[in-house]
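Here is a short briefing on one chain. Look over the fold first, then read the points by topic.

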Amino acid sequence: MAMNRQLKGFTILEALLSLLILSIIISLTYLMFNLFNRQMLLFEKENTQMLQYNLFNKTIKYDMNAANGFEMEGNKLLLKKYDDDDDVGYSFEKMHILRAHYETVDTFRLLVTDYKLFEGEEQEETRRLEVSLKLLEETIVAHYFLSQNNAERINKKYFHED
């Protein structure tokens, strides 16, 4: 008895078509993954910039409110307090802002385009620090008011202390 068995399998054409469909699916998956990865990196960059700005903004406002004297020389701002060991210094560089306090130095990674200190009226003793920053592809201008505290004003007026 001769057995006539016929094996069933795929033809070359069917195998090539399945490989073509599989390669299209893999290509689309790779493109979607690449697009998703780029969006996540952009999102992370934007969030990091906003976090750096918010941290800088909160820190400099806190330091200015606690200070009783100010000096600006070149790109350095010194916020003086009653205790000389507690003074805080800010250095405005092009690619970052440095904050020196005690023996620590904090770095805020912000692009600084410009900074100016504007003197106020002599009676009011208020100065305005204007810092231009490049943030999320736009330039923003942050204003910080450096006002002398009331105790310093009273001491200068009535006791002629400098």
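The largest nonpolar core holds 22 residues, and Phe 56, Leu 79, Tyr 90, Ile 97, Leu 129 and Tyr 144 touch the most other members. Such a core is a set of buried Ala, Val, Leu, Ile, Met, Phe, Trp, Tyr and Cys residues joined through side-chain atoms within 4.5 Å. This is a predicted model: local features need pLDDT of at least 70, side-chain atom pairs count only at pLDDT 80 or more, and totals for chains, interfaces and linings use all residues. Residues are numbered from 1 along each chain as its sequence is written, and side-chain values use heavy atoms, with hydrogens and water left out.

- Two or more core residues come from each of α1 (12-66), β2 (76-80), β3 (88-92), β7 (126-135) and β8 (138-147).
- Helices (H or I, at least four residues) and strands (E, at least two) are DSSP runs, numbered from the N terminus.
- Leaving aside residues up to four places away in sequence, Phe 56 touches Tyr 90, Phe 92, Ile 97, Phe 108, Leu 110 and Tyr 144; contact means heavy atoms within 4.5 Å.
- Nonpolar side chains tend to be buried together in soluble globular proteins.

**Helix α1**
- The 55 residues of α1 should span 81 Å at 1.5 Å a residue, and its end C-alpha atoms are 80 Å apart, which agrees. The expected span is 1.5 Å times one less than the number of residues.
- Buried residues of α1 are Gln 52, Tyr 53, Phe 56, Asn 57, Thr 59, Ile 60, Asp 63 and Met 64. Buried means under 20% relative accessible area, exposed over 50%, partly exposed in between (1.4 Å probe, protein chains only).

**Sheet β6-β7-β8**
- Three strands form an open sheet in the order β6-β7-β8, with antiparallel pairing. Two strands pair if DSSP finds at least two bridges between them.
- β6 (111-119) and β8 are the edge strands, each with a single partner, so one side of each has no neighbour in the sheet.
- On average, neighbouring strands of this sheet are turned by 15° against each other, direction ignored.
- α1 packs on the sheet and touches β7 and β8; its direction makes about 15° with that of β8. Axes are lines fitted to C-alpha atoms, for helices over the stretch in contact, and angles run from 0 to 180 degrees between N-to-C directions.
- Ten bridges join the antiparallel strands β7 and β8. Leu 135 stands opposite Glu 138 in β8.

**Loop between β7 and β8**
- Leu 136 lies in this loop. Its phi is positive, about 55°, although it is not a glycine. Leu 136 is partly exposed, at 36% relative accessible area.
- Glu 137 lies in the loop too. Its phi is near 65°, a positive value in a residue other than glycine. Glu 137 counts as exposed, at 64% relative accessibility.

- β1 (residues 69-73) and β2 run antiparallel, joined by five bridges. Gly 69 has Lys 80 as its bridge partner in β2.
- This pair forms a hairpin with two residues between the strands, and Gly 74 in the turn has a positive phi of about 65°.
- Four bridges join β2 to β3, also antiparallel. Leu 78 has Gly 89 as its bridge partner in β3.
- The covered face of β2 carries Leu 77 and Leu 79, and the uncovered one Lys 76, Leu 78 and Lys 80.

**Whole chain**
- The chain has two helices and eight strands.
- Of its 162 residues, 26% count as buried.
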